[in-house]
Amino acid sequence: MKCLIGFILFWVAIGMFISLFIDSVFCVVVLILVMLVAGFNLFCR
């Protein structure tokens with residue numbers, strides 16, 4: 001479980017770092033929603 005939480009925190013940090021370079025708030029929100037849906041589908045299957 002600790003390994004999974006560490007993996008998740010690592011990729012959250014990478015995502016926050018990438019969002020620093022995207023100026024449009026709309027694009028960031030769309031990217032977050034796409035990643036949440038993709039992560040949910042990959043984790044639950």
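Trp-11 counts as partly exposed, because its relative accessibility is 47%; the class covers values between buried (under 20% relative accessible area) and exposed (over 50%), with a 1.4 Å probe and protein chains only. The model is predicted, so that local features need pLDDT of at least 70 and side-chain atom pairs count only at pLDDT 80 or more, whereas totals for chains, interfaces and linings use all residues. Residues are numbered from 1 along each chain as its sequence is written, and side-chain values use heavy atoms, with hydrogens and water left out.

The rings of Phe-10 and Trp-11 form an edge-to-face pair, because their centres are 5.1 Å apart and their planes stand at 80°. Rings of Phe, Tyr and Trp (its six-membered ring) are paired if their centres lie within 6.5 Å; planes under 30 degrees apart count as stacked, over 60 as edge-to-face and the rest as tilted. Phe-10 is partly exposed, at 46% relative accessibility.

In total, the structure holds three aromatic pairs. One of them joins Phe-7 and Trp-11, whose ring centres are 6.3 Å apart with planes at 70°, so this pair is also edge-to-face. Phe-7 and Trp-11 both belong to helix H1 (residues 2-19) and are separated by four residues, about one turn of the helix. With a relative accessibility of 52%, Phe-7 counts as exposed.

The C-alpha trace spans about 35 × 20 × 10 Å along its principal axes. Of the 45 residues, 2% count as buried. The chain exposes about 4300 Å², of which carbon and sulfur atoms supply 83%; accessible areas come from the Shrake-Rupley method with a 1.4 Å probe, and for residues only the protein chains shown count as cover.

H1 gives the most to the nonpolar patch, with six residues. Leu-4 lies in helix H1 and is partly exposed, with a relative accessible area of 34%.

Notes. Helices (H or I, at least four residues) and strands (E, at least two) are DSSP runs, numbered from the N terminus.
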